[in-house]
Amino acid sequence: MTALDPAGVSLAGTAPRNFTTVEVDPITLRVIGGALNSIAKEMAQILYRMAYSSLIRESEDLGAGIFDAHGRELCESDSTPMHCGSIPAYIRGIDRKLAGTYRPGDVVLHNHPYHGAAHSPDYGIMIPIFFGGEHIGFAGCTGHVSDIGGNFPGLCMDVVDVWAEGKLMDAAKIYDAGVRNEALIQHILDNVRTPEQNAGDLEALIACARLGERRFLELLERYGLDVVMSASEKWMDYSEDMLRRRIREIPDGEYEAPASYLDDDGKNRDVPLKVAVTVKIEDDDVIVDLTGSNDQVPTAFNVPFEGSVLPTVASAVRTLLLDEALTEEFVPQNDGCFRPAKAYAPEGTLFNPNFPASCFARFSQINRIFDSINLALADVLPDRAVAGSSAALCAIAYSGLAADGKSYWVYIEINEGSYGGRNGKDGLDCVDSLMANTRNNPIEELELNHAMIAERYELRDEPPAPGRYRGGLGSVRKWRMLTDTFIGSEADNRTDPPKGLEGGHDGRAGSFTRNAGTPAEEAMHSKVTQEKCAAGDTLEIKLPSGGGYGDPFLRDPAAVLDDVLDDFVSAEDAREHYGVVVDVAAGAVDQRGTERLRAAHAG
């Protein structure tokens, strides 16, 4: 990537000039806005219902939307913000090769991480939309496929460069003016370990984008290009204005997050990687500066700047400042929300690696950016900031030779972490957090299709982080392997646990343990490459628990009692950390004992 302007780079696109701006009455404006949202949601529905791989079908690790001819987002699906936010960068990536060559019936496949893709396993399908003989936009979608070839099945960590990740498609037309390129598609499928799954996912992605194209053309035919695009401009300007209003409420200045550290790079063990985040507020712009973060690493644990860092910054700013639970007005997600948010990372660092460094395994790092932006602004956004969250997407690939001995089975699961507490609310338990927004993989599906049995899948046993509003609890899964199984993981156990806020306690780190509770118990690293678990071995995965918010001795005693009765905390924990005396036999709070204990603490 070329040198970045110190002022930062924004994900927002450039305004096109292929229509005449007209006045749109408020009713029509609302109708078109609603239609755009419905198109994106319907696109996502068809994608996850048609997809073959569990990561798209069950976890909904996907994104879809409609974009103008310059890649500006008009609407996006309610799915993973990482996928949705990166599609404008995909479009810029394919434009650099194909701009001016698009024809009706084209279908473009793209996954190059140095030219806009979020990372190479996220296949992107873009279909140029033509109206009145003119190219006026794109219907686009992305989804994480099970395998793209490369050194290792499913997920890779210890790889030498971007080519070792797998098959790269750089703006490849798999349909050219409606003519399907069977040879190219077959070549792609011949170079992956899961050709049937990938073929199904590819057809689902194409169907998703074609539906978006059809629905958008129906909208244009009903209202006309000038009206639809003028309404879209108004919606984008409105979203931008609403976000800039919130930014102006924050005093200008630089807000630095506490330095945090990722476990390691998946090869150089016990060498933590620094994440440094400073948020700069300049009038109604936000610049997230990642200067001071670790240099790029020799494994896959780097992050594509344009396809992953920029969407993360935009999503964090929008989420914090336009929280739907705290914003009465409807504010659609579109290009307007990208415009005030900018990012900067020096070249050759973890968040802006130099080509051809691998950047396959990038999700734990971007979640840490999101978490750090939140913590940096905690003092000036006390009613919106959240204590430290798990911020460590735990993606694990299980694989092995299929029964025929000629192909592989590959299964990728997402394990659930938790949110930290916030002012007025406890942290959410056992849920994917921040940038991921994916669903859990049902254990029944894996047991049905592969030789693994779930012995545990529940909330962690350890108590949540104390606070006036307690932290959320991470999940714990325990798998027993019925056959020899290879494991690849790009997780982060958070050896520096999620931070507490305003007197709340820090959360808990996660862990991977082979054969837990047996004489053969073995602690494993969070990032592994083709680690073998023999038949009969177990793998226990604990996800981090979020930090607490506020002084625990200010927690409502009734809430502490509920936690004791729900077995989240013991009576001893209640006394020690909250100053609450619980009569377990009576199922009640000892009011006088609690008052004495808290008075002694305050003194």
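Student: Hi! What kind of model is this, and what pLDDT do local features need?
Tutor: It is a predicted model, where local features need pLDDT of at least 70, side-chain atom pairs count only at pLDDT 80 or more, and totals for chains, interfaces and linings use all residues. Residues are numbered from 1 along each chain as its sequence is written, and side-chain values use heavy atoms, with hydrogens and water left out.

Student: Great. What volume does the largest pocket have?
Tutor: About 1,500 Å³. A pocket here is an open set of points on a 1 Å grid over the protein atoms alone, with protein on both sides within 12 Å along at least five of seven lines. The volume is the space filled by probe spheres set on the points, which are joined across faces, edges and corners.

Student: Which residues are closest to its centre?
Tutor: Arg 318, Thr 319, Leu 322, Asp 323 and Glu 324, out of 47 residues that line the largest pocket. A lining residue has an atom within 4 Å of a point.

Student: And which helix gives the most to that lining?
Tutor: Helix 7, with 6 residues. At least two residues each come from helix 1, helix 3 (81–98), helix 7 (305–321) and helix 9 (363–376). Helices (H or I, at least four residues) and strands (E, at least two) are DSSP runs, numbered from the N terminus.

Student: How does the lining of the largest pocket split by class?
Tutor: There are 17 nonpolar, 16 polar and 14 charged residues. Ala, Val, Leu, Ile, Met, Phe, Trp, Tyr, Cys and Pro count as nonpolar, Asp, Glu, Lys and Arg as charged, and the others, Gly among them, as polar.

Student: What about the second largest pocket, where is its centre?
Tutor: Thr 194, Gln 197, Trp 409, Val 410 and His 450 lie nearest the centre, among 20 lining residues. The space in this second largest pocket is about 330 Å³. Strand 16 gives the most to its lining, with 5 residues, and the classes are 8 nonpolar, 8 polar and 4 charged.

Student: How many charged residues line the largest cavity?
Tutor: 4 are charged, beside 7 nonpolar and 4 polar.

Student: Which residues make the contact?
Tutor: Phe 216, Leu 219, Leu 220 and Tyr 223 of helix 5 meet Leu 225, Val 227, Val 228 and Met 229 of helix 6, where contact means heavy atoms within 4.5 Å. By class, this contact has 8 nonpolar, no polar and no charged residues.

Student: Which strands does helix 6 lie across?
Tutor: Helix 6 lies across strand 2, strand 3, strand 5 and strand 6, running at about 75° to strand 3. Helix 1 lies across strand 2 (62–68), strand 3 and strand 6 (134–144), at about 140° to strand 2.

Student: In what order do the 7 strands of the open sheet run?
Tutor: The order is 3-2-6-5-4-7-8, with antiparallel pairing. Strand 3 and strand 8 (179–180) each have a single partner strand, so one side of each is left without a neighbour in the sheet. Two strands pair if DSSP finds at least two bridges between them.

Student: And the sheet of 5 strands?
Tutor: That open sheet has the order 17-18-23-20-21, also with antiparallel pairing. Strand 17 (452–459) and strand 21 (522–524) are its edge strands.

Key:
Axes are lines fitted to C-alpha atoms, for helices over the stretch in contact, and angles run from 0 to 180 degrees between N-to-C directions. On a 1 Å grid over the protein atoms alone, a cavity is a set of points where a 1.4 Å probe fits but cannot get out, and a pocket is an open set with protein on both sides within 12 Å along at least five of seven lines; lining residues have an atom within 4 Å of a point.
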